[in-house]
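Okay, thanks for coming, everyone.

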Amino acid sequence: MNASPANDLTRRLRYFEATARSRVAAVLDAGSFHEFLPPEESEPSPHLAMLGIPGAFDDGVIIGAATLGGRPVLVIAQEGLFMGGAVGEIHGAKIVGLLRRAAREKPAAVIFMVDSGGVRLHEANAGLIAISEVMRAVLETRAAGVPVFALVGGSCGAFGGMGIVARLCSAVVMSEEGRLALSGPEVIETVVGVEEFDSKDRALVWRVTGGKHRYLTGDCDELVEDDAAAFRRCVIELLAGWQEPAPSSAELRAEQERLTSRLRRLAGLRDGLDVWRAIGADDPHQIPLMDRDSLVALKKGLPT
Amino acid sequence: METLEFQFAAQPCKPVVGAALSGVVGSGNLEILIRPCDEADACLVSVKTSAAGFGRIWEAVVTEFASRHPVGGTRIAINDMGATPAVVTLRLGQALCEYTGGVS
């Protein structure tokens, strides 16, 4: 806090705009990242080639090992700029392989930088199967005692199957700019109509899927600034006190009860503003204007 | 998608890493991967681009780049999603800079 604001801005790596490779470099310990299957050792997706679409050597996801705050971690970083971070066959196989390695090698954690619209529709069934394998692998890794932390703050957010994957992780860290949901705004508008959801209304999209909303409703665990260093600090802190709980069906039933009662309480509400009022925020219109610290303070004061 | 291949004679370059990557295959952008090839004074360029019909412009941009830098002994693979010539030149420079440790 002693640096001048101008310095802060010039030094800050905006997580939202950064590429996956620059996020990896900025979030993990400097110089510690070792990539598995780097671009020179991999091939672009054959499915995309068949459709006449140029692929990416890494198929839009970077995996590897690194240290974070000195502790060994395995890392997944999706590249939202390539095909919306969508999960194809190779992309998914890289994630699954990394998670299975984590279950075997037991690093301190898996850092999963999610930036994805979900399944890569060009690869159809292969993409769908890939996502379901990722889901299973996340749960198996957690069951082996290795926490998986999802970081959501990229331009594609975490949608479709990747929205589910993010919520299967041990904890979700988001920035205000991040978005997390199942069907994306454009999908809802296309299927049900603009009266149901106007995907061009960016403020509405963020009030319904954005980081602040997810934080207030408890769908993400931590809210950070749109800054790679803030994500880094947050995950180091999470890691320091984390004990991955053993899978428990009683816990799952309690969580199901909690979500069912939340759904009953909030059913029919059409906007984040209504939800925030319903959960006890006195002046919901102020929430979109609040900075991160004020919002965290506000959440602490809400009735539980 | 169009696939283009070019080959140039060039002064050998001195790599400091095994391979270098710049850019992302995003809209109006491209990725460039530089790796060594067997012939020390040849530069092999292979382009996969989503925008068909721009072969002559690609040839001009890559020829100009190969004439300005010692790029011998390299295989340059490009995945393009409609980058403009200026962006292509910038990414080529970035990749070569990383490949040779800033000396090009």
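Predicted model: local features only at pLDDT ≥ 70, side-chain atom pairs only at ≥ 80, totals over all residues.

Let's start with chain A and a pair of helices. Find helix H4, residues 89-105 of chain A, and helix H5, residues 124-143 of chain A. Their axes come within 9 Å, and they cross at roughly 15°. With angles under 35 degrees counted as roughly parallel, H4(A) and H5(A) are therefore roughly parallel to each other. And the handedness? The crossing of H4(A) and H5(A) is left-handed.

Who makes that contact? On the H4(A) side you'll see, among them, A:Ile95, A:Val96, A:Leu99 and A:Ala103. On the H5(A) side, look for residues including A:Ala130, A:Ile131, A:Val134 and A:Val138. There are charged residues in there too: the contact of H4(A) with H5(A) divides into 12 nonpolar, four polar and four charged residues.

Now stay on H5(A) and look for its other partner, helix H6, residues 161-168 of chain A. The axes of H5(A) and H6(A) again come within 9 Å, and here the crossing is roughly 5°. So H5(A) and H6(A) are also roughly parallel to each other. From H5(A), we have A:Ile131, A:Val134, A:Met135, A:Val138 and A:Leu139. They meet A:Gly161, A:Ile164, A:Val165 and A:Leu168 in H6(A). What classes of residue are these? The contact of H5(A) with H6(A) has eight nonpolar, one polar and no charged residues.

While we're on H6(A), which of its residues are buried? They are A:Gly161, A:Met162, A:Gly163, A:Val165 and A:Ala166. The cover over those buried residues includes S4, H5, strand S5 (148-152) and strand S6 (171-175) of chain A.

On to the strands of chain A. Take strand S3, residues 71-78 of chain A: six of its eight residues are buried, so this strand is mostly covered. S3(A) is joined to strand S2, residues 61-68 of chain A, by eight bridges, and the two run antiparallel. If you want a landmark, A:Ala65 has A:Leu74 in S3(A) as its bridge partner. The hairpin of S2(A) and S3(A) has two residues between the strands, and there A:Gly69 takes a positive phi near 60°.

S3(A) also pairs with strand S4, residues 109-114 of chain A, this time in the parallel sense, over five bridges. The landmark here is A:Val75, whose bridge partner in S4(A) is A:Ile111.

Okay, chain B. Here we have an open sheet of five strands in the order S1-S4-S5-S3-S2, with mixed pairing. Which strands stand at the edges? They are strand S1 (2-9) and strand S2 (20-23) of chain B; each has a single partner strand, so one side of each is left without a neighbour in the sheet. From one strand to the next, the twist averages 15°.

Let's follow the pairing. S1(B) pairs with strand S4, residues 42-49 of chain B, in the antiparallel sense over eight bridges. B:Gln7 is partnered by B:Leu44 in S4(B), and B:Ala9 stands opposite B:Ala42 in S4(B). Then S4(B) pairs with strand S5, residues 74-80 of chain B, in the parallel sense over seven bridges. B:Leu44 turns up again on that side, with B:Arg75 as its bridge partner in S5(B).

Lying across S1 and S4 of chain B is helix H1, residues 55-68, which runs at about 30° to S1(B).

One residue I'd like you to click on is B:Asp41, in the loop between strand S3 (30-36) and S4 of chain B. Beyond its neighbours within four places in sequence, B:Asp41 is in contact with B:Ala9, B:Ala10, B:Pro12 and B:Gly72.

Last stop, the place where the chains touch. How many residues are involved? 13 residues of chain A are in contact with 17 residues of chain B. The chain A side has eight nonpolar, three polar and two charged residues.

Technical notes. Residues numbered from 1 in each chain as written. Chains lettered and ligands numbered in written order. Axes fitted to C-alpha atoms, helices over the stretch in contact; angles between N-to-C directions. Helix = DSSP H or I, 4+ residues; strand = E, 2+ residues; numbered from the N terminus. Parallel < 35°, antiparallel > 145°, perpendicular 65-115°, else oblique. Left-handed = near helix turned anticlockwise from the far one by under 90°. Contact = placed C-beta atoms within 7 Å. Nonpolar A, V, L, I, M, F, W, Y, C, P; charged D, E, K, R; others polar. Pairing = 2+ DSSP bridges. Buried ≥ 20, exposed ≤ 12 C-beta atoms within 10 Å, placed from the backbone.
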